Amino acid sequence: MKVLIADDQPAVCAALQLLFELHDLPSVVVNRPDEALDLIATEDIGAVVQDMNFTQEKTSGEEGVALFRAIKKLDADLPVVLLTAWSSLETAVSLVKEGASDYMAKPWDDDKLARVVKNLVQMRALQQENTRMNAQRSRMRKTLATRYDLRGLVYVSEAMHGVVNLACTIAGSDAPVLITGPNGSGKEKLAEIVQANSRRKDKPFVKVNAGALPDDLLEAELFGAEAGAFTGANKSRIGRFEAANGGTLFLDEIGNLSLPGQAKLLRVLQTGEYERLGSSGTRKADVRIISATNTDLQRAIAGGQFREDLYFRLNVIELPLPPLGERPDDVLLLAEHFLATLPGIEGAPPAKLSDEARLTLQQYEWPGNVRELQNRIHRAKLTAVDGVIRAMHLGIPPSGARVRPEFESRASVHATPSGGLPTLASNRAEPADGHAGAAGDPERASIEEALLKAGGVVSKAAAEMGLSRQALYRRMERLGIVLERRPRV
């Protein structure tokens, strides 16, 4: 990329060219403003070094001002360094406020000028490369959206594009898909994309929360039941596999399915056959399985909570969804989308985000992911009576305040004799079922370790373990783990 030298004095131009050549900066010289503008319009210029006056009888700097503003109209991001004499120094300072990169008085400091210009050219090159890559990514996203049904998914980040692209690529097969990621990150939406682009897209798409199925009703829910099969079964009912026959069955929260339930599910996945409860007749299941979990199934297998053979049946293709905190480029885009689509108060003015709210949205960690963002934007839209959403309308806690109401209600608070920073202890308490975990229990040990690493922040510990916050609380209650918060003194 070339440095454009715009000055009417040949000696100045020659000195600058020699200086830049010594620092490996190719340059091109013009003596008039119109020549400078022509070159900027036709060549790849990395930076401009321009004088403030181009005719000897003028010393006001007006010509330099006019050239600078014309350059910014042509290319607002092109860096410009102003060379000025004392007579136009004040004018040069005012142009810095309008976007000039720097100014230097004549005679200039060679080392400083060369260093400044070299840095500006390098920054210009990086900006152009970034713009080129963003444009390429934008084209790739548009191509993907043209070829596939993305079910209205809103994203811009590269991390999300990789997962969506993979989902679309494998959608045409019948291979089982396992979608992993934290709660609220969009696992169900990704499952819809896989189904919408599969050969089964016009067939049933049945969704079931597998983790919420109690053992005594699991067979009836999944496989159906004949009349009289159990108390209250007055007529035959079809199960989820039968309802999804020929189509797709989405098993959400698969990591919370009980071990007996996992065994029953494994059989139908292995053989494609099942029986209704109360019937000896074998039925065939022609379904594609998409499952989803926020649990670390590898850790659950190691802890004996999940069957390894079932894991390999479900996880032929894994789609790992990144949490919203790892794709900050998507935050404002999603916020604007929710602002435009979520219902507000009838007759209220159109809502818009203030700069303060935008900054708050970008700085927040989003432990609740996209679902939390959606809820906070909806709340803000309903509470911002003048239509301007400010930070206070979002209800986001101050930086560092990550203690949830559930944690505060469960924690026992004790002062420490020695004082100091908050610490965390994990104490034994009698759980709801009356069976506390043994001291050597590996599950108890892993939960205590995660809580200590997270400084007592349950949401962070849950994310580290691949669990939802609610699931971790349930395990803590079952094992009798109580958090002790030691306050600052």
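Ala, Val, Leu, Ile, Met, Phe, Trp, Tyr, Cys and Pro are counted here as nonpolar, Asp, Glu, Lys and Arg as charged, and the others, Gly among them, as polar. The model is a predicted one, so local features need pLDDT of at least 70 and side-chain atom pairs count only at pLDDT 80 or more, while totals for chains, interfaces and linings use all residues. Residues are numbered from 1 along each chain as its sequence is written, and side-chain values use heavy atoms, with hydrogens and water left out.

To start with the overall picture, the chain has 20 helices and 19 strands; these are DSSP runs numbered from the N terminus, with helices being H or I of at least four residues and strands E of at least two. Of its 489 residues, 44% are buried, where buried means under 20% relative accessible area, exposed over 50%, and partly exposed in between (1.4 Å probe, protein chains only). Among contacts with a separation of 6 or more, 71% join residues 24 or more positions apart, a contact being heavy atoms within 4.5 Å.

Next come the nonpolar cores, each a set of buried Ala, Val, Leu, Ile, Met, Phe, Trp, Tyr and Cys residues joined through side-chain atoms within 4.5 Å. The largest has 29 residues, and Phe241, Ile254, Leu265 and Phe306 touch the most other members. Two or more residues of this core come from each of β7 (205–209), α8 (215–223), β10 (248–252), α10 (259–271), α11 (297–302) and α12 (308–314). Helix α10 gives the largest share, four residues. Leaving aside residues up to four places away in sequence, Phe241 touches Leu222, Phe223, Leu249, Leu265, Val268, Tyr274, Ala285, Val287 and Ile289. Apart from this core lies another, of 24 residues, including Cys168, Val177, Val194 and Ala292.

What about the cysteines? Cys168 is buried, at 2% relative accessible area, and Cys13 is buried too, at 4%. The structure has zero disulfides, with a disulfide taken as a pair of cysteine sulfur atoms within 2.5 Å.

The second largest pocket holds about 500 Å³ of space. On a 1 Å grid over the protein atoms alone, a pocket is an open set of points with protein on both sides within 12 Å along at least five of seven lines, whereas a cavity is a set where a 1.4 Å probe fits but cannot get out; lining residues have an atom within 4 Å of a point. Points are joined across faces, edges and corners, and the volume is the space filled by probe spheres set on them. The lining counts 21 residues, and Gly184, Ser185, Gly186, Lys189 and Val370 lie nearest the centre. Sorted by class, six are nonpolar, seven polar and eight charged.

Asn369 is buried, at 1% relative accessibility. Lys381 and Pro343 are 38 residues apart in sequence and 8.3 Å apart in space, C-alpha to C-alpha.

Two loops deserve a mention. Pro107 sits between β5 (102–105) and α5 (110–147), and the peptide bond from Lys106 to Pro107 is cis, with omega near -10°. Arg151, in the loop between α5 and α6 (158–170), has a positive phi near 55° and is partly exposed, at 41% relative accessible area.
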